[in-house]
Amino acid sequence: MSSQENESSYNPRKYRTPDGAPADIVIFTITAQTKQGIKKSLPVRELQVLLIQRKQWPFAGQWALPGGFSQETETIYESARRELSEETGVDDVHIEYLNVYSTPGRDPRGWIISHAFFALVNETYLEKRHASDDAADVRLFSVQEALEMELAFDHRIILQDALMKVREKMLTTTIAKEFLPKRFTMSELYQVIQTVVPDFEEKNFIRKITSTQSRKGIIEEVKDADGKPLMSNKYSQRAAQLYCFTDYVPKLSIYS
């Protein structure tokens, strides 16, 4: 705005505005399947992402992230939740803001700036997913498969950015508990973390998560009525200690 303008002289027609402000949503989940013919083994877990098959131009027939244009009567966040529901039937999912995408030419329809959101949710939230509105189909794909696909728009870039963010979230919060039973073994917790962060490796995982001062109190041993450790051999021949998450939220610092 020019320094000479004021409320009475301002004319919005003097300024070019974007041709649309859509919201794109990256929904991750962790699937778990029992290994066939193998007794007492951890399930096979895989990080997957929800994609829709576009019904209309541009990129008709191609797979993309769910999303669509916002309306002037709603916030971008409200738009994201509405579009997710309209295109996939997925509701009641807590989404977080990821980033804004404004590379010139990212959308053949014109100057369109997109705001992206992401979430990592339990698969139960996606059970009633179905294609509707501008989507011809909706499916879960492994993240690896999705990254190898020719996604519409710049959705591969958005997916890559969201993957980095969700990996950070897995390592800095207790979101892993959304994919575990209330009582779990350390092997189960470790596997969930590695499903999202494949290169995660910690030789002293149990000791560090239960003894390190900055982490101590996040989880605790499960004990029976007599105060004895409760064990489980559901996934192994040898019984392992059961743990559970507490309500404790650690106050971490890069300086201590």
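Predicted model: local features only at pLDDT ≥ 70, side-chain atom pairs only at ≥ 80, totals over all residues.

Biologist: Let's start with H3. What span should helix H3 have, and what do its ends say?

Modeller: H3 covers residues 155-172, which is 18 residues, so at 1.5 Å a residue it should span 26 Å. Its end C-alpha atoms are 25 Å apart, which agrees.

Biologist: Nice. Which residues of H3 are buried?

Modeller: His-155, Ile-158, Leu-159, Ala-162, Leu-163, Val-166 and Met-170 are the buried ones in H3. Looking down the axis of H3, they fall within an arc of 140 degrees, so they line one face of the helix.

Biologist: Why would residues three or four places apart point the same way?

Modeller: An α-helix has 3.6 residues a turn, so residues at that spacing point the same way.

Biologist: And which residues are exposed on the other side of H3?

Modeller: Met-164 and Thr-172 are exposed there.

Biologist: OK, new topic. How many residues are in the largest nonpolar core?

Modeller: That core has 44 residues. Those with the most contacts inside it are Val-26, Phe-28, Leu-51, Leu-120, Met-170 and Leu-189. Another core, of 17 residues, lies apart from it, and includes Leu-50, Ala-80, Phe-117 and Ala-119.

Biologist: Back to Leu-189, what is it in contact with?

Modeller: If you leave aside neighbours within four places in sequence, Leu-189 is in contact with Ala-176, Leu-180, Phe-184, Phe-205, Ile-209 and Phe-245.

Biologist: Now the rings. How many aromatic pairs are there?

Modeller: The count comes to 9 aromatic pairs. One of them is Tyr-77 with Phe-117, an edge-to-face pair at 6.0 Å centre to centre, with 65 degrees between the planes. This pair links distant parts of the chain, 40 residues apart: Tyr-77 is in helix H1 and Phe-117 is in strand E6.

Biologist: Is Phe-117 buried or exposed? And what about Tyr-77?

Modeller: Phe-117 is buried, because its relative accessible area is 4%, under the 20% cut-off. Tyr-77 comes out at 33%, so it counts as partly exposed.

Biologist: What about Tyr-190 and Phe-205, how are their rings placed?

Modeller: Their centres are 5.1 Å apart and their planes are at 70 degrees, so the pair is edge-to-face. Tyr-190 sits in helix H4 and Phe-205 in helix H5, 15 residues apart. Both Tyr-190 and Phe-205 are buried.

Biologist: Last one: which residues do ring pairs link into a cluster?

Modeller: Tyr-77, Tyr-97 and Phe-117 are linked that way.

Definitions and conventions
Residues numbered from 1 in each chain as written. Heavy atoms only, no water. Helix = DSSP H or I, 4+ residues; strand = E, 2+ residues; numbered from the N terminus. Expected span 1.5 Å × (residues − 1). Buried < 20%, exposed > 50% of the residue type's maximum accessible area, 1.4 Å probe, protein only. Arc of directions from axis to C-beta. Core = buried A, V, L, I, M, F, W, Y, C linked by side-chain atoms within 4.5 Å. Contact = heavy atoms within 4.5 Å. Phe/Tyr/Trp six-rings, centres within 6.5 Å; stacked < 30°, edge-to-face > 60°.
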